[in-house]
Amino acid sequence: MTTLNRADPLVLGIETSCDETGIGIVRGTTLLSNTIASSMDEHARYGGVVPEIAARAHLDELVPAINAAVAEAGIRLSDLDAIAVTCGPGLSGALMVGVGAAKALAVALDKPIYAVNHLVGHVGADLLQGELRHGDTNTGDTAPLEYPTIALLVSGGHTSLLLVRDLVSDVELLGETIDDAAGEAFDKVARLLSLPYPGGPQIDRVALGGNSKAIRFPRGLSQPKDMAAHRYDFSFSGLKTSVARFVEQRQDAGEPVPIGDVAASFREAVVDILLTKALAACADYGVPRLLLGGGVIANKRLREVAAQRTAAAGIVLRIPPLSLCTDNGAMIAALGAQLIIAGHEPSTLEFGADSTLPVGQIQV
């Protein structure tokens with residue numbers, strides 16, 4: 001194995017934690033390629049991600065995605081300094097496909113491998129720079145990410161609030177959802193309103209014609225007694241149930257369901273819960289920085305309200321380009337590159353997929 005380039009490493013990242021096959025290539029913090037193949041359409045008929053289908057889709061898409069990423073980056077696989085791969089958290093079967101592919105690639109190329117945490121990778125996405133942003137800009141300060149920072153990660157499978165003191169050595173989980181993730185709640189409420197999967201974009205679409213103040217849906221774990229025990233935790237099951245009861249009552253009464261108002265009011269409740277908890281963490285820890293990540297950040301209303309509330313609180317808001325907010329290999333490559341630059345040794349080949357990998361374990 002050749003000496004590892006720690007100054008500006010060329011890293012290929014593999015991300016297969018859910019339904020996106022992500023391959024990214026970075027040189028240090030410069031984004032060279034970001035290839036994503038999604039199996040979302042295959043899951044749509046079931047109204048949610050089916051783990052077995054996701055794993056099989058990764059098997060089909062991995063090699064074409066790697067070839068596409070390498071071509072876009074204008075490199076050869078032999079040029080790589082290292083391979084980085086998500087080893088958790090996520091769907092076990094899906095993770096195993098990516099881990100197996102990464103190990104095979106590392107052995108075949110005689111390159112070091114870095115097994116990293118999917119959630120911390122979302123924070124690493126904010127470090128990337130390059131033309132592949134396609135006009136997207138960071139909505140906050142364009143200076144390098146400062147530490148400590150509070151990170152709110154919101155996706156179909158995770159809703160987590162992190163205190164990031166250092167990306168490669170000190171990440172603490174402050175709170176997470178105790179039931180449904182925010183993305184799951186969007187999908188389930190969309191189903192209640194007879195909207196297609198995935199629910200987030202559909203809720204956004206119909207909410208445009210609705211009144212967000214029409215219905216006061218509950219904000220989970222926001223009462224004083226809840227905040228004492230679950231100050232940074234999230235709960236969306238009660239909100240989902242409240243929406244279901246509202247819809248059922250209208251239907252039982254033979255009255256039309258105001259879909260626009262329900263969607264807008266539900267979305268407003270989710271946004272309020274997420275930002276109230278995140279801003280509380282910023283205040284409690286004296287951290288004037290908030291980073292948003294994860295696929296649900298594509299929600300326009302969430303970004304709008306986040307910009308308003310952080311500005312009012314004097315907090316710098318950072319949102320990576322939307323193409324880097326969903327699950328992607330570029331963020332995994334970026335985290336791998338940072339571990340290399342910081343002098344961390346590679347992972348051994350003994351690691352495996354860990355569906356419940358704790359966020360504090362940045363590298364395995």
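Which residues form a negative surface patch? They are D41, E42, D60 and E61.

## The model

This is a predicted model, in which local features need pLDDT of at least 70, side-chain atom pairs count only at pLDDT 80 or more, and totals for chains, interfaces and linings use all residues. Residues are numbered from 1 along each chain as its sequence is written, and side-chain values use heavy atoms, with hydrogens and water left out.

## Overall build

The protein's secondary structure comes to eleven helices and ten strands; these are DSSP runs numbered from the N terminus (helices: H or I, at least four residues; strands: E, at least two). Its radius of gyration is 20 Å, close to the 21 Å that the globule rule gives for 364 residues, so the protein is as compact as a globular protein of that length. That radius is taken over C-alpha atoms, and the rule is 2.2 Å times the number of residues to the power 0.38.

Along its principal axes, the C-alpha trace spans about 70 × 45 × 35 Å. Of the 364 residues, 54% are buried (buried is under 20% relative accessible area, exposed over 50%, partly exposed in between, with a 1.4 Å probe and protein chains only).

## The negative patch

Back to D41, E42, D60 and E61. Helix 1 (40-44) and helix 2 (51-73) are the elements that give two or more residues to this patch. To be in a patch, a residue needs over 30% relative accessible area and no salt bridge, and like charges are joined within 9 Å. A salt bridge here is a side-chain nitrogen of Lys or Arg within 4 Å of a carboxyl oxygen of Asp or Glu.

Take D60, in helix 2: it counts as exposed because its relative accessibility is 59%.

Most residues other than glycine have a negative phi, and most peptide bonds are trans. Two spots to look at for phi are D110 and S194. D110 has a positive phi of about 60° and lies in the loop between helix 3 (92-109) and strand 5 (113-117); at 40% relative accessibility, D110 is partly exposed. S194 also has a positive phi, near 60°, and lies in the loop between helix 5 and helix 6; S194 is exposed, at 67%.

As for cis peptide bonds, one joins Y147 and P148, with omega about -5°. P148 lies in the loop between helix 4 (118-124) and strand 6 (149-154). Another runs from Y197 to P198, with omega near -5°, and P198 sits in the loop between helix 5 (182-192) and helix 6 (199-207).

Note on methods:
Patches are made of residues with over 30% relative accessible area and no salt bridge: like charges are joined within 9 Å, nonpolar side chains (Val, Leu, Ile, Met, Phe, Trp, Tyr) within 5 Å. Accessible areas come from the Shrake-Rupley method with a 1.4 Å probe; for residues, only the protein chains shown count as cover. Lys and Arg count as positive and Asp and Glu as negative; His and the chain ends are not counted. The place of a charge is taken as NZ of Lys, CZ of Arg, CG of Asp or CD of Glu.
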